[in-house]
Amino acid sequence: MIRKYKESDYEALKEIWQTLGWPISTSDTKEEIQKLVEKNPEISLVYEIEGKVIGGVFGGYDGRRGLVHKLCITPKHQGKGYGKALMMALELIMKELGVVKMSFWVKKDNLNVVEILRKIRV
Ligand SMILES: CC(C)(COP(=O)(O)OP(=O)(O)OC[C@H]1O[C@@H](n2cnc3c(N)ncnc32)[C@H](O)[C@@H]1OP(=O)(O)O)[C@@H](O)C(=O)NCCC(=O)NCCS
């Protein structure tokens, strides 16, 4: 099930980020993520299976450009279509909000994910 992010989902997502080896930077604390969510409540999403959060994504919309932040699926559940489903949901809602262009930043040390992201693009 894909649903909107709630503040109580933070710890589960943080655990996934840490499993992926992502550092928790100053903009990734619960408080900072909450600022992003409050500006973008419709496009802050998690994927939940049997009550457990297994991934998520945060959309950011500044009125012109849609940005994709922290797309992730926990390793155990990768490759089963959940990441693509999350991105499809995000893009659909962003379109409804009026977003006409989306940007995705990839860190230099994670370039191998670009191939997957190309397949995920709806
Ligand atoms: C990127 C990520 C969210 C994708 O989610 P996922 O659930 O594993 O991906 P899906 O199962 O939905 O697969 C989407 C597409 O990529 C393909 N794919 C999945 N894993 C792949 C891999 N390792 N190599 C090549 N293609 C792959 C799938 O076949 C599918 O393509 P298709 O629609 O043509 O069949 C997930 O792999 C992840 O969390 N990665 C680590 C975090 C990360 O790097 N996030 C991006 C930050 S920029």
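In which sense do strand 2 and strand 3 pair, and over how many bridges? I looked this up before anything else. Strand 2 and strand 3 pair in the antiparallel sense, over 6 bridges.

**Ground rules**

I am working with a predicted model: local features need pLDDT of at least 70, side-chain atom pairs count only at pLDDT 80 or more, and totals for chains, interfaces and linings use all residues. I number residues from 1 along each chain as its sequence is written. My helices (H or I, at least four residues) and strands (E, at least two) are DSSP runs, numbered from the N terminus. I call two strands paired if DSSP finds at least two bridges between them.

**Whole chain**

I counted 4 helices and 5 strands in the protein chain. Along the sequence, I read the pattern β-α-α-β-β-β-α-β-α. The radius of gyration is 13 Å, close to the 14 Å from the globule rule for 122 residues, so the protein chain is as compact as a globular protein of that length. (The radius is taken over C-alpha atoms; the rule is 2.2 Å times the number of residues to the power 0.38.) The C-alpha atoms fill a box of roughly 35 × 30 × 30 Å along the principal axes.

Next I checked burial. Buried residues make up 24% of the 122 residues. A residue is buried if 20 or more other C-beta atoms lie within 10 Å of its own, exposed if 12 or fewer, and partly exposed in between, with C-beta atoms placed from the backbone.

Then I checked contacts, meaning C-beta atoms, placed from the backbone, within 7 Å. Among contacts between residues at least 6 apart in sequence, 57% join residues at least 24 apart.

I find 5 strands in an open sheet, in the order 1-2-3-4-5, with mixed pairing. Strand 1 (2–4) and strand 5 (102–104) are the edge strands, and each pairs on one side only. Neighbouring strands of this sheet are turned by 30° against each other on average, direction ignored. The axes here are lines fitted to C-alpha atoms, for helices over the stretch in contact, and angles run from 0 to 180 degrees between N-to-C directions.

I went through the pairs in turn.

- Strand 1 and strand 2 (residues 44–49) are antiparallel over 3 bridges. Arg3 stands opposite Val46 in strand 2.
- Strand 3 (residues 52–61) and strand 4 are antiparallel over 6 bridges. Gly56 has Cys72 of strand 4 as its bridge partner, and Tyr61 has Gly66.
- Strand 4 and strand 5 are parallel, over 3 bridges. Gly66 stands opposite Met102 in strand 5.

Helix 1 (residues 10–19) lies across strand 3 and strand 4, and runs at about 90° to strand 3.

Which residue has a positive phi in the turn between strand 3 and strand 4? I found Gly63, with a phi of about 100°, in a hairpin with 4 residues between the strands.

The hairpin of strand 2 and strand 3 has 2 residues between the strands. Glu50 is in that loop. Its phi is positive, about 45°, although Glu50 is not a glycine. Glu50 counts as exposed because it has 6 C-beta neighbours inside 10 Å.

Lys70 is also not a glycine, and has a positive phi of about 55°. Lys70 lies in strand 4. I count Lys70 as partly exposed, with 17 other C-beta atoms within 10 Å.

**Met87**

Is Met87 buried or exposed? Met87 counts as buried, because it has 21 C-beta neighbours inside 10 Å. I placed Met87 in helix 3. Met87 and Pro75 are 12 residues apart in sequence and 17 Å apart in space, C-alpha to C-alpha.

**Ligand shell**

I listed 18 residues around the ligand; the closest are Gln78, Gly83, Lys84, Val113 and Lys119. (Near means that the C-beta atom, placed from the backbone, lies within 6 Å.) Strand 4 (66–73), helix 3 (82–97) and helix 4 (113–120) each supply at least two shell residues. Helix 4 gives the largest share, 5 residues.

By class, I get 9 nonpolar, 5 polar and 4 charged residues in the shell. Ala, Val, Leu, Ile, Met, Phe, Trp, Tyr, Cys and Pro count as nonpolar, Asp, Glu, Lys and Arg as charged, and the others, Gly among them, as polar.

How values were computed
Contact = placed C-beta atoms within 7 Å.
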